[in-house]
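Please open the structure in the viewer and keep a selection panel at hand.

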Amino acid sequence: MADSNIRVLIVDDERSIRRFLRTALGGQFLIFEAANGTDALAAAASDRPDVVILDLGLPDIDGIEVTRRLREWSQVPIIVVSVRDQEADKIAALDAGADDYLTKPFGVGELMARLRAALRRSSQTESEPIFTAGDLTVDLNLREVRSRGQEVSLTPTEYDLLKTLIKYAGKVLTHRQLLRTVWGEAYESDTHILQVNISNLRQKIESDPARPVHIVTEPGVGYRLKIG
Amino acid sequence: MNQVNSLSRKAFPYVLAFLFTIIVTFVLLPFRDGLQIATVVLVYLLPVGASAALWGLGPGIISALASFLLLNYFYLPPYGTLAVHDTQDILVLLMFLLLTVSVSQLVGSMTRSLAVAREQEHEISRLYELSLAFSKLHRESDILNALALQTSETFQADQTEVFIESTPQPKLTRFPEAASLNDTRVVPPTAVVPLQGNQRLLGEIRLWRVASPLNASEERLLQTFARQSVLALERAQLVTSENRARLLEESDRMKSALLASVSHELRTPLATITGALSSLLDEEIILDDDARTSLIETASEEADRLNRLVGNLLDMTRLEAGSMHIKLESHDIQDVIGSTLEELKLQLRERPVMLDLAAGLPQVKVDFVLIERVLVNIIDNALKYSPPDSAIEIQAGVGEQFMVVKVADHGIGIPPEDLQQVFEKFFRVKRPSSAGGTGLGLSICKGIIQAHHGLIAAENRPGGGTIISIALPLT
């Protein structure tokens with residue numbers, strides 16, 4: 001994969017973090033750095049990155065604010081980085097337009113998974129009508145879902161939910177985003193109905209619903225459909 | 001009208017005394033001829049003494065004067081006149097008057113002394129009751145309630161109010177609770193007594209009594225009540241300060257214990273990490289690939305452990321500071337358990353995990369992240385205190401009011417006497433093999449579960465090992 005053409009902008013005020021990321025990713029990608037919000041916005045404009053890794057704890061401008069401003073003129077994928085217990089900040093960033101998040105301390109494996117997912121084309125239906133991950137296969141043209149070889153029958157709502165997850169496969173979707181997309185704005189705080197449908201979906205497509213491998217829970221934030 | 005009534009009420013005993021004397025006169029009259037003057041004189045002492053005893057000095061004197069005149073008129077010759085012929089009779093009359101007046105005064109003052117003594121006894125017993133009531137109370141609000149009640153009963157008040165200048169807001173205690181005088185602010189109180197403390201004015205007692213104002217001894221008693229109350233209130237304040245001081249001491253002690261413990265616990269994994277990494281960097285140390293990988297893995301595991309420890313410490317501080325925000329939302333407990341197992345994936349890779357989740361479990365209102373942390377801590381504990389290949393069992397079921405999740409291990413169990421204490425901060429069961437840890441994990445679990453209005457308990461498993469159960473309220 002000609003990854004070295006891919007441009008990654010790393011935004012973090014900690015020098016050691018930037019160093020670690022440059023070391024881990026430098027072999028595969030072209031790395032740009034910024035140490036604060038103002039520089040980040042400038043670098044996004046001048047260096048034209050393909051993906052931005054943005055720390056939420058910046059000294060000058062709030063990371064969420066950076067996301068918002070960036071989204072005013074750019075659709076560049078943004079992965080926000082935050083510490084544990086700042087779920088509210090993560091959700092706010094995701095709602096402001098960020099694509100995914102990482103919790104410090106994180107391992108490189110997680111980082112790579114998020115990066116790949118963020119760089120994937122988001123229009124799944126046009127380019128690839130068939131989604132496959134492990135023992136799950138979904139044909140979006142035929143509306144056919146197969147798990148472990150057997151065809152699975154889903155309710156229309158369950159299918160819509162799965163379709164949304166597939167559209168953003170690999171990326172996290174907040175409760176609110178899922179509710180808004182599948183049920184509409186009126187339901188955006190009705191987590192109950194989301195829980196029930198996720199639970200039913202898992203019963204149908206997971207070999208061990210108690211330890212799901214496809215639809216993974218992001219504690220306090222939302223859900224993610226795992227790819228590969 | 002009232003004045004006439006009270007006047008007639010006051011005059012009544014005098015009238016009675018007079019009547020009594022007259023009755024005695026006419027009772028004796030038929031026997032006049034057979035009676036000696038000495039006898040008559042002695043008999044007349046009866047109404048005088050009785051009047052003084054029953055109705056006081058005034059009526060006694062009235063009776064004395066009346067009997068003096070009646071004795072002269074009816075019993076000293078010449079009968080029917082106030083004139084006296086026998087000179088001895090004059091002496092008798094004078095002595096009689098002297099005697100009866102003295103008797104009146106004596107009896108009167110005796111009665112008065114008795115009344116005063118009774119009143120004093122009443123005062124003292126009231127004071128005693130008040131002290132007794134206060135002696136058992138340590139809280140300001142209790143003392144104020146007792147004071148209002150006792151004051152109301154002692155003085156037969158229509159309404160009693162106790163006003164205290166306390167922090168953060170002044171307190172007003174009333175007895176009876178519902179103001180019977182339409183608005184106590186409109187009608188001025190019958191009596192007001194300040195509660196004067198050592199250094200400042202604490203407040204005041206206000207009394208309303210429509211029937212009559214307070215007499216002098218009642219005023220005195222009320223003042224004494226006030227003094228007693230001040231003592232009780234100041235004592236209550238001292239008790240509060242003492243408690244606070246004790247808490248601070250306890251808190252300081254815990255902080256020192258925490259610092260010592262934390263220092264050790266943080267340094268241990270760091271030592272391993274430093275050791276491993278420095279070995280990798282050291283040019284003099286020859287390592288093959290397996291050895292290098294092993295060192296790196298060790299450093300990685302210890303870093304995870306350090307991360308968890310820091311998390312626990314943060315949780316603890318947040319719980320202590322009361323700044324733990326609980327976000328309650330409906331969740332599937334299966335979801336929480338699954339997430340927990342995913343989080344502990346690495347540690348559980350060599351362990352059989354048995355899940356027994358009842359079918360059709362309802363959703364439960366929890367803070368997902370926090371309950372996950374509870375389960376992580378519990379399972380982490382189970383892993384620490386059980387053999388490396390023994391199973392971990394997780395069970396979830398629902399009762400009438402609670403969703404119950406149990407985590408069981410096949411380890412060494414907990415001594416029965418420690419089953420309650422394991423949830424206390426820094427508590428470490430005295431075991432030969434110390435598996436490390438600050439002893440915070442379970443106390444954090446307790447804190448989080450309590451914040452959810454749930455229950456957590458430990459018991460020993462019949463076949464050996466520990467079962468930790470958490471109960472989360474359904475709605």
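Over all chains of this predicted model, a search of the whole structure returns 36 salt bridges. Several of these deserve a selection of their own.

Begin in chain A with Arg146(A). Its side chain forms a salt bridge with Glu144(A), with the closest N and O atoms 3.6 Å apart, and another with Glu151(A), at 3.9 Å from N to O. Arg146(A) has 33% relative accessibility and is therefore classed as partly exposed. Glu144(A), at 27%, is likewise partly exposed, whereas Glu151(A), at 53%, is exposed.

Next, select Asp100(A), Glu110(A), Arg114(A), Glu218(A) and Arg224(A) together; these residues are linked in a network of salt bridges.

Move to chain B and display helix H6, residues 216–281. Within this helix, Glu250(B) and Arg253(B) lie three residues apart, about one turn. Their side chains meet in a salt bridge of 3.2 Å, N to O. Glu250(B) is partly exposed, with a relative accessible area of 38%.

Now show both chains. Which residues form the salt bridge between Arg202(A) and its partner in chain B? The partner is Asp335(B), at 3.0 Å from N to O, and the rule finds one salt bridge across this interface. Seven residue pairs, both members at pLDDT 80 or more, are in polar contact between the chains.

The largest nonpolar core has 49 residues, among which Ile333(B), Ile337(B), Ile378(B) and Ile470(B) touch the most other members. H10(B) gives the most to this core, with ten residues. Centre the view on Ile337(B): beyond its neighbours within four places in sequence, Ile337(B) is in contact with Leu355(B), Leu357(B), Leu375(B), Ile394(B), Ala396(B) and Val405(B). A second, separate core of 28 residues includes Leu147(B), Val193(B), Leu221(B) and Ala226(B).

Conventions: Residues numbered from 1 in each chain as written. Chains lettered and ligands numbered in written order. Predicted model: local features only at pLDDT ≥ 70, side-chain atom pairs only at ≥ 80, totals over all residues. Heavy atoms only, no water. Salt bridge = Lys/Arg side-chain N within 4 Å of Asp/Glu carboxyl O. Polar contact = N/O pair within 3.5 Å; in protein donor to acceptor, adjacent residues only side chain to side chain. Core = buried A, V, L, I, M, F, W, Y, C linked by side-chain atoms within 4.5 Å. Buried < 20%, exposed > 50% of the residue type's maximum accessible area, 1.4 Å probe, protein only. Helix = DSSP H or I, 4+ residues; strand = E, 2+ residues; numbered from the N terminus. Contact = heavy atoms within 4.5 Å.
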